[in-house]
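The structure is shown below.

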Amino acid sequence: MKFTKFVSAAALAGLVATGGVVGAAQAQAVQPAPEIVGGSVANYSSVPYATQLYVNGQFNCTSSLISSTWVLTAKHCVGGTVSVRVGSGALGQGTLISSKRVVTWSGGDLALVELSSPYNTTFAKLGASNPSQGTLGRIYGWGRETTNGPAAPNLKTAQVEVAGLDTDAYGGVAIGHYGVDGQAWKGDSGGPLVINGKVVGVASTSGSGGTDPNADSYYTSVPNGASWISSVSGVSAS
């Protein structure tokens, strides 16, 4: 299947080369490749762990709070000075917290951001097994709604159907899915794929082009990265 990556190959190559802990001097912010195309505005109270990732002061990606001090997002989203806005479904609203450090995974498009101060809410639960073909799930993000439009003013969601396992932007295991009533696009990168109340994927690449709500997208498998997530953050999948 053909699909369009959220970020350019050149930008990915630069980030892959850094690996490990990403500092402010190591990489420039990667521009997010927009809001969910189609779908609807999400009820933020149902996903209070959804967070906005900023790089060098600009909104860049979507992310998920998995504990009071750790945020899960995509590796291609981080670089430069990273901060996270928590506690609101409205873009640019909520509490802005700077990062203490950023750790990236060598096995695929995942990154963990450690916050400089804790924030308490209902945290994301992580899934321990990959979903089967045909399973329905929901994606969330502040990405663009059109090809070159601005980021969504409010958190959006869409229903998707799992197609099977594939690869993410770094060659790691990804959960491929098709949009039922909407699909991811630039700015949704790093956002969660939620099935049965658990985050099982993190947005890596999309084929929607900002126009096709039924296109394919690929979310890095959280179950495949679960041991790494636990080793860094202490948060376990179940």
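## The barrel

Six strands form a closed barrel in the order E4-E5-E6-E9-E8-E7, and their pairing is antiparallel. On average, neighbouring strands of this sheet are turned by 45° against each other, with direction ignored. The model is a predicted one.

Strands of a sheet pair through backbone hydrogen bonds, in either a parallel or an antiparallel arrangement.

## Helix H2 and the chain as a whole

The protein chain has two helices and 16 strands in total. Of its 238 residues, 55% are buried. The accessible surface of the chain comes to about 8700 Å², and carbon and sulfur atoms account for 49% of that area.

## Aromatic pairs

The structure holds two aromatic pairs. In one, the ring centres of Tyr-54 and Phe-59 are 6.0 Å apart and the planes stand at 75°, so the pair is edge-to-face; the cut-off for that class is an angle over 60 degrees. Both partners are buried: Tyr-54 has a relative accessible area of 8%, and Phe-59 has one of 16%.

Trp-105 and Trp-228 form a stacked aromatic pair, with 6.1 Å from centre to centre and 25° between the planes. Which parts of the chain does the pair of Trp-105 and Trp-228 tie together? Trp-105 lies in the loop between E8 and E9, while Trp-228 belongs to helix H2, so the pair links parts that are 123 residues apart in sequence. Trp-105 counts as buried at 13% relative accessibility, and Trp-228 counts as buried at 12%.

## Charges over rings

Tyr-54 takes part in a further arrangement: Arg-85 lies over the face of its ring, at 5.4 Å from the ring centre. The Tyr-54 ring is thus described both by its edge-to-face pair with Phe-59 and by the position of Arg-85 over its face.

The charged end of Lys-75 sits over the ring of Tyr-170, 4.1 Å from the ring centre.

## Asparagines with positive phi

Asn-56 is not a glycine, yet has a positive phi of about 55°. Is Asn-56 buried, partly exposed or exposed? Asn-56 counts as partly exposed because its relative accessibility is 40%, and that class lies between the limits of 20% and 50%.

Asn-196 also has a positive phi of about 55° without being a glycine. Asn-196 is located in the loop between strand E14 (192-195) and strand E15 (198-206). With a relative accessibility of 76%, Asn-196 counts as exposed, the limit for which is over 50%.

Conventions:
Residues are numbered from 1 along each chain as its sequence is written. This is a predicted model: local features need pLDDT of at least 70, side-chain atom pairs count only at pLDDT 80 or more; totals for chains, interfaces and linings use all residues. Side-chain values use heavy atoms; hydrogens and water are left out. Two strands pair if DSSP finds at least two bridges between them. Helices (H or I, at least four residues) and strands (E, at least two) are DSSP runs, numbered from the N terminus. Axes are lines fitted to C-alpha atoms, for helices over the stretch in contact, and angles run from 0 to 180 degrees between N-to-C directions. Buried means under 20% relative accessible area, exposed over 50%, partly exposed in between (1.4 Å probe, protein chains only). Accessible areas come from the Shrake-Rupley method with a 1.4 Å probe; for residues, only the protein chains shown count as cover. Rings of Phe, Tyr and Trp (its six-membered ring) pair if their centres lie within 6.5 Å; planes under 30 degrees apart count as stacked, over 60 as edge-to-face and the rest as tilted. A charge sits over a ring if NZ of Lys or CZ of Arg is within 6 Å of the ring centre and within 35 degrees of the ring normal.
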